[in-house]
Amino acid sequence: MAQDTGGQAVAEPFYEAANATYSAPVDERHVVSSLFGLVNVPSGIMVDEEGRIVRLDEGTYTREYKAGELSFGTNDYVPILRDWLENGEESELVFDVADMADQLAELSDAEARGDAHFRLASYFKLSGREELAQTHWSEAQRLNPDSWNYHRQDWSFTPQEAGRNWFEKFQSLGDKPYYKPMSETASSDEGSSP
Amino acid sequence: MRSSTKWRLSDRAGGWLGWASVGMLLAVCLSTSPLSAQGVDESEKIALYLDRVVALERTLADPTDLWVTKADLERVNDFVLKPEGACLGSLCIPVAGDSRETLLVERGGESWLNLTGFARKVGQEFVAESDPAVWSFGPIPAVRSALTKTAIAPDFALENRDGETVRLSDHRGKKVLILTWASW
């Protein structure tokens, strides 16, 4: 699912290159990230047949990718996905309701207000009101500085600075991970399956 | 000073003017307190919530709050006005007789809900611009807590690359992987 204010125009070349045969929506206003509290891409949400979330992960690349001295992603995600597809709720790699609910955090007031500002910014951007869009994009980033989605979407409109902006913020993370570490087991106890 | 000048008039006409002033003042107070919502406003106003961009059909003229009709309330956030309050499924928020803030009024033969006052009541963050008039609402905590308590994925609708509307609920009965990515 392409999460991109640029919409179909920027998403389509990627979908074409990927020869996408799956459902390929375009999320111009980051609706899915807002609903599920996502802060980075790629993120993956596994939803079972009853509509229940059984896993939610960040950095869901198909494998580990190297970019100079940096690496992104893990070789673990595809095996996790395969295990769930084969074993369903019996998979030891998916979470039960209680464990999953614990991971789905409530939003702080600042995050919720940032969400409202980002929605307003996206609306103005898509309406061609650049100045108003910038005002609210800045406010969203100030209120929720941990959302890489907010920063990177905004930076994408000044591509000559985007790389530098990203690297500076990335460096400022220090020991904090860029992607929330992916759990390789569903639970430390035996109650991982419903 | 003007009103005190009127009060100094002691003849019948002066008395009448004085009471007229009081009457006008009362009329103003009745119509502005505890709310300042006045007549119906048909200028363009937009409400944003979740995946929705709702062009409101009518509002009440008010310099601070956003008043919407029952129909627009439902279009914005699915809440339905019932005798027990504004309700979404089994969740009902009382809106009549709130001692802190007036949330429900009758104007022009229909009910109007103070949507921004309702947001304050349920702890929903919102921001607005006046020109153009757009209100953007964040998550309603009591609604979002359904996600954080039951882990049931909230439904959403997006257009796919063929211009068709895709809903998560279209895939109920199948395993679904929602994978977000971006060109940036």
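Which residue stands opposite B:Asn160 in E13(B)? Hi everyone, that one is A:Pro25. This is a predicted model, where local features need pLDDT of at least 70 and side-chain atom pairs count only at pLDDT 80 or more, while totals for chains, interfaces and linings use all residues. Residues are numbered from 1 along each chain as its sequence is written, and chains are lettered from A, with ligands numbered from 1, in the order in which they are written.

Back to the strands. Strand E2 of chain A, residues 25-27, runs antiparallel to E13(B), and 2 bridges join them. Strands here are DSSP runs of at least two residues (E), helices of at least four (H or I), numbered from the N terminus, and two strands pair if DSSP finds at least two bridges between them.

Now the interface: 41 residues of chain B are in contact with 56 residues of chain A; contact means C-beta atoms, placed from the backbone, within 7 Å. Strand E13 (157-160) and helix H5 (141-150) of chain B are among the elements that each supply at least two residues of the side touching chain A.

Next, A:Leu120. Leaving out residues up to four places away in sequence, A:Leu120 touches A:His136 in chain A, and from chain B it touches B:Leu48, B:Val127, B:Glu129, B:Val134 and B:Ser136.

Last, B:Ala142, which is found in helix H5 of chain B. Why partly exposed? Because B:Ala142 has 13 C-beta neighbours inside 10 Å; 20 or more would be buried, 12 or fewer exposed, and in between is partly exposed. Beyond four places in sequence, B:Ala142 is in contact with B:Leu91 and B:Val122.

Note on methods
Two residues are in contact if their C-beta atoms, placed from the backbone, lie within 7 Å.
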